[in-house]
Amino acid sequence: MATKNVPFTFLKDGIFYFSRRVPFDLRGHYQTDRISFSLRTRNPYQATPRALSQAAKLDSFWFQLRMSDIDLPGKHRLLSSDQVGKDLGPKATEALATYLRLKGGGRSATFETAATRAIEYLVGSKSDRPLLAYTKSDATTFRDELFAKGLSSSSVVRIFTSLRAVSSFALVEHGLSTPSPFTGIYLDRGVSGPSRTS
């Protein structure tokens with residue numbers, strides 16, 4: 001029970017202790033059903049803001065736990081914690097525009113067609129995202145999807161060759177040294193079909 005006028009506390013030997021019961025739906029994340037610890041003060045005017053601050057922190061954390069537990073629509077599209085706030089480079093379509101503008105002059109029509117086709121396949125499969133928001137997992141599942149569409153091994157290789165060229169060039173132009181997520185992806189050049197990808 002909360003001490004009079006000081007919420008979320010109880011007194012022990014004259015010291016205020018913080019105390020909150022863990023919500024039932026979050027018990028699986030804890031080894032106990034109650035969180036208690038000393039607020040290191042005997043003064044109720046110091047204990048009150050400390051208790052309220054700790055309670056607010058818990059409420060925020062419990063909200064995050066609930067969000068991570070539910071089947072949130074679009075959850076798979078959320079940025080990872082190490083991506084939030086970072087420069088992830090230009091979007092795929094912006095990278096294509098930069099690539100064609102700076103490297104397309106005097107090139108054959110097939111140069112533009114190959115680059116455009118690769119980005120269109122990517123955006124159609126994985127949406128138009130900043131280049132570094134794509135992961136290695138995105139790249140490998142994209143490869144498998146191309147094979148599942150019935151594309152030949154040589155076609156998939158050409159698409160990935162164009163993707164690497166466009167993304168690597170655009171990242172450098174954007175001032176980023178991080179390798180393209182489409183580099184280092186294994187492609188079986190001999191046999192097409194999803195059963196031969198890895």
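1. A salt bridge here is a side-chain nitrogen of Lys or Arg within 4 Å of a carboxyl oxygen of Asp or Glu. By that rule the structure holds 6 salt bridges. Before you go through some of them, note that this is a predicted model, where local features need pLDDT of at least 70, side-chain atom pairs count only at pLDDT 80 or more, and totals for chains, interfaces and linings use all residues. Residues are numbered from 1 along each chain as its sequence is written, and side-chain values use heavy atoms, with hydrogens and water left out.

2. Have a look at Asp25 and Arg66, whose side chains form a salt bridge at 2.8 Å, N to O. This pair links distant parts of the chain, 41 residues apart: Asp25 lies in the loop between β2 (15-21) and β3 (34-38), and Arg66 in helix α1 (residues 44-69). Helices (H or I, at least four residues) and strands (E, at least two) are DSSP runs, numbered from the N terminus.

3. Now for burial: buried means under 20% relative accessible area, exposed over 50%, and partly exposed in between (1.4 Å probe, protein chains only). Asp25, at 47% relative accessibility, is partly exposed, and Arg66 is partly exposed at 32%.

4. Another salt bridge joins Asp138 to Arg129, with 3.2 Å between the closest N and O atoms. Both Asp138 and Arg129 are buried.

5. Asp144 and Arg143 also pair in a salt bridge, at 2.9 Å, N to O. Asp144 is partly exposed at 26% relative accessibility, whereas Arg143 is buried at 3%.
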